[in-house]
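Let's walk through a protein model together, one feature at a time. Have the sequence and the 3D view ready.

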Amino acid sequence: MRKKYRKRYSRYRIVILICIIIIVFFIAFIKTEKALKPVAKLRAEQFAQKIADEVTASAVSDYLIENRFTYEDFAVVLYNDEKSPVSVEAIPFTINKVQSELTAAINKRLDSSGNKSAEIPLGSLTGSPVFTGKGPKIKIRVCPVGSAEVKLKSSFSQAGINQTCHSISACVTVKMTSSVPIYSFNVRVEFEFILAESVIVGKVPDISPYLAQKEMPY
């Protein structure tokens, strides 16, 4: 009888011990998840912004090297018989071409950069500034999903006495969101790249309505 009682008691203790371990593990898991979520969200946002910066910069750089645009590709300055500037006319074909091609190039690279992972040091989960950034690192899947929009911008500024500087710039807006349900974020990054510019000597000429707009429409 005593042996049976001891066996039952021993089994009972093992079951209780296993239950305690499971409960402790579950509590630790919940606490770790709560500590990880805000840090992971912040790290994911920073990582997504970094991806947007790198992808946009490389895509625009490669596109400009490939095409080698000049000011004459976007606008034409018309002069009178006295060789004074009278008007600046836009070339819609090039403007529309650049907007559509550059948008497609950036979006293509954003699509290929979606499956990414970031790392978070364990010390950052403690909330203590002493341990922030220290310890072994945990990998988290960021998997950002991005989309880009490109619009060309026309701007005129005074470049000196009787001189006007006309600049054509590409304004790129990239929106990044997370495809991972553990955390969510929305990142919006804006860039501006000068495509071409020219100094027009003489009185400020008339500007075509297409170029006069701050952002050129499609």
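**Reading the fold, the surface and the salt bridges**

The protein has three helices and nine strands. This is a predicted model, where local features need pLDDT of at least 70 and side-chain atom pairs count only at pLDDT 80 or more, while totals for chains, interfaces and linings use all residues. Residues are numbered from 1 along each chain as its sequence is written, and side-chain values use heavy atoms, leaving out hydrogens and water.

Q: What share of the residues of the protein count as buried?
A: Buried means under 20% relative accessible area, exposed means over 50%, and partly exposed is in between (1.4 Å probe, protein chains only). Of the 218 residues, 34% count as buried.

Q: Which residues form a nonpolar patch on the surface?
A: Patches take residues with over 30% relative accessible area and no salt bridge; nonpolar side chains (Val, Leu, Ile, Met, Phe, Trp, Tyr) are joined within 5 Å, and like charges within 9 Å. In this model Ile14, Ile18 and Ile22 make up such a patch, with about 280 Å² of accessible area together (Shrake-Rupley method, 1.4 Å probe, only the protein chains shown counting as cover for residues). Isoleucine 18 sits in helix H1 (residues 2-67), and its 45% relative accessibility makes it partly exposed.

Q: How many salt bridges does a search of the whole structure find?
A: A salt bridge needs a side-chain nitrogen of Lys or Arg within 4 Å of a carboxyl oxygen of Asp or Glu. The search turns up five. One of them joins the side chains of aspartate 62 and arginine 109, at 2.7 Å from N to O. Aspartate 62 belongs to helix H1 and arginine 109 to helix H2 (residues 92-112), so this pair ties together parts 47 residues apart in sequence. Aspartate 62 is partly exposed at 38%, and arginine 109 is partly exposed at 31%.

Q: Which residue forms a salt bridge with lysine 153?
A: That partner is glutamate 192, with the closest N and O atoms 3.7 Å apart. The pair links distant parts of the chain, with lysine 153 in strand S5 (residues 144-160) and glutamate 192 in strand S7 (residues 186-201), 39 residues apart.

Q: Is lysine 153 buried or exposed?
A: Lysine 153 counts as buried, at 18% relative accessibility. Glutamate 192 is partly exposed, with a relative accessible area of 46%.

Terms used. Helices (H or I, at least four residues) and strands (E, at least two) are DSSP runs, numbered from the N terminus.
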